[in-house]
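Please look over the structure shown here before reading on.

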Amino acid sequence: MQQHILVTGGAGYIGAHTLVELINAGYRVTAIDTLERSEFRIIEGVERIISKKIDFHQIDCLDAVALNSVFERNTFSSVIHFAAYKSVNESVEKPLRYYKNNVGSLMTLLEVMKRNKIRDLIFSSSCTVYGQPDQIPVDESAPFKKAESPYGQTKQICEQILENVISEGFRIVSLRYFNPIGAHPSAEIGELPIGSPNNLVPYVTQTAAGVREKLVVFGNDYDTPDGSCIRDFIHVSDVAIAHVKALEFLINRTEASLFDAFNLGTGVGVSVLELVNKFIQVTGMKLPYIIGPRRPGDVEKVFANPQRINQAFGWRTKYTLEESLLHAWNWEKKIRNR
Ligand code: UFG
C-alpha cells in the first residue's frame with residue numbers, strides 16, 4: 001500500500017525539497033504550513049516540478065484542533081516535522097517566541113500523533129546541538145555543549161523530549177543538519193529569506209545580484225588554514241533525499257519504539273573564503289566583500305562525520321559544492337526576474 005506522509009513546514013526551504021523527493025520515491029504526501037515564513041508559490045513550484053497537485057493545508061502545528069482534524073481525515077504512516085523557526089539572531093531577541101513555537105509545536109504534534117496512534121516521526125535537528133565540538137569531524141556520540149542561542153537550545157530540548165517519549169511507543173529519527181545550501185536544479189524552488197539574510201549563501205547570492213552592496217566575511221583570524229570559519233555545506237536536495245532514506249530506515253526497523261540521531265552532512269569542511277571564491281569561479285559573477293569582525297556565537301569550525309548515516313541509510317551526497325552554488329545562483333536569478 002502507498003505510504004502517506006504528513007510533512008509539517010512543507011512550504012519551507014528543506015520541507016519543499018523533501019516533498020519533491022518523497023513524491024519522486026512514490027510516497028503520497030500531505031503538506032501543512034502556516035505560510036508565516038514562506039509563500040504558497042513554493043508549493044506551486046513543487047507542483048510544477050512533479051506535475052501534480054499537492055494536498056496542502058494552511059495550518060499551525062500549535063493549533064491542536066486543526067492538526068487533529070488533518071490526522072482524522074487521513075491515515076498517515078509517518079510524519080516529517082520541519083515546522084520551526086530557525087534564525088539564531090531572532091531567537092536571542094525573542095526567546096519566548098522560539099521556545100513556544102519550536103518546542104510547543106513538537107509537543108502538540110506528539111500529542112496529536114499519539115491520539116491518532118501514529119508512531120513514526122522524523123525530526124529536523126541541527127549540528128548546533130553540539131556547540132563547538134572537541135573533536136572534528138564530529139560524530140553522534142559528541143556531547144551536547146551549552147547551546148550558543150535559544151534557537152540551539154530549542155533543538156537540544158526537542159531532542160531530549162524525543163528521547164524520553166519513546167517509552168510511549170514512538171519511533172523517531174532525528175537528523176542533525178549541517179549547513180544546507182543551494183536550490184532545486186530546476187530553479188522552481190529554493191530558499192526565501194525574510195529581510196536581510198543571516199546565512200552565508202543567500203547573502204552571497206543577493207550581493208552578486210546587486211541587492212546587497214557587499215558581503216562581510218565575519219572574521220579571518222580563526223585558527224583555520226585561511227583564517228575564516230569552516231562549515232559543512234550540503235546541497236538541500238541531498239538533505240531532502242536523506243529524509244526519504246530515513247523513512248525507509250524506519251519502515252525496515254522492527255522495534256516497537258526507538259530513537260536514533262544521525263549527522264546529516266557531507267563530511268567535508270569548507271571555509272567561508274573558499275566558498276566565496278568558488279562562487280565567483282562557478283558563476284563568473286563579481287562578489288564584493290570585506291573582512292569584518294567575528295560574529296558573536298559563531299563556532300570556529302564544524303563538519304560532520306557522516307559514517308553512521310552513510311551506512312545505516314545507504315545514502316551518499318550526490319551534488320558537489322560547485323553545483324550547490326550554481327543552483328543557489330540560478331534560484332536567485334529566478335526570484336529577481338519574477
Ligand atoms: N558568514 C559570513 N558572512 C555572512 C553570513 C555568514 O561570514 O554574511 C559566515 C558565518 O560567520 C559562518 C559561516 O558564514 O562562519 C556560515 O554562517 P551561516 O549563518 O550560513 O551558518 P551557521 O553555520 O552560522 O548556521 C548554521 C545553521 C543554523 C544553526 C547554526 C549553529 O544555519 O541553523 O549553524 O551555529 F543554528
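Predicted model: local features only at pLDDT ≥ 70, side-chain atom pairs only at ≥ 80, totals over all residues.

Start with the charged side chains. The count of salt bridges in the model comes to 21. Three of these pairs are taken in turn below.

Take E332 and R336 to begin with. Their closest N and O atoms are 2.6 Å apart, and the two side chains form a salt bridge. Both residues belong to helix α11, which covers residues 321-336. They are four residues apart there, about one turn of the helix. The two ends of this pair can be told apart by their accessibility. E332 has a relative accessible area of 4%, and because this is under 20%, E332 is buried. R336 has 41%, so R336 is partly exposed.

Elsewhere, salt bridges with shared partners join E36, R37, E90 and R97 into one network. Within that group, R97 pairs with E90, and the closest N and O atoms of these two lie 4.0 Å apart. Are the two partners buried or partly exposed? E90 counts as buried because its relative accessibility is 14%. R97, at 34%, counts as partly exposed.

The next pair is R231 with D298, a salt bridge with an N to O distance of 3.7 Å. With a relative accessibility of 12%, R231 counts as buried.

The second topic is empty space inside the protein. Rolling a probe the size of a water molecule over the atoms shows where such space is left. How many cavities of 30 Å³ or more does a search of the whole structure find? The search finds one. The volume of the largest cavity is about 110 Å³.

Which residues lie nearest the centre of the largest cavity? They are E191, P202, T205, A328 and W331, out of a lining of 13 residues. Two elements, α7 (200-208) and α11, each give two or more residues to this lining. By residue type, the lining of the largest cavity divides into eight nonpolar, three polar and two charged residues.

Notes: Residues numbered from 1 in each chain as written. Heavy atoms only, no water. Buried < 20%, exposed > 50% of the residue type's maximum accessible area, 1.4 Å probe, protein only. 1 Å grid on protein atoms, 1.4 Å probe; cavity = no way out; pocket = protein on both sides within 12 Å on 5 of 7 lines; lining within 4 Å. Points joined across faces, edges and corners; volume = space filled by probe spheres on them. Nonpolar A, V, L, I, M, F, W, Y, C, P; charged D, E, K, R; others polar.
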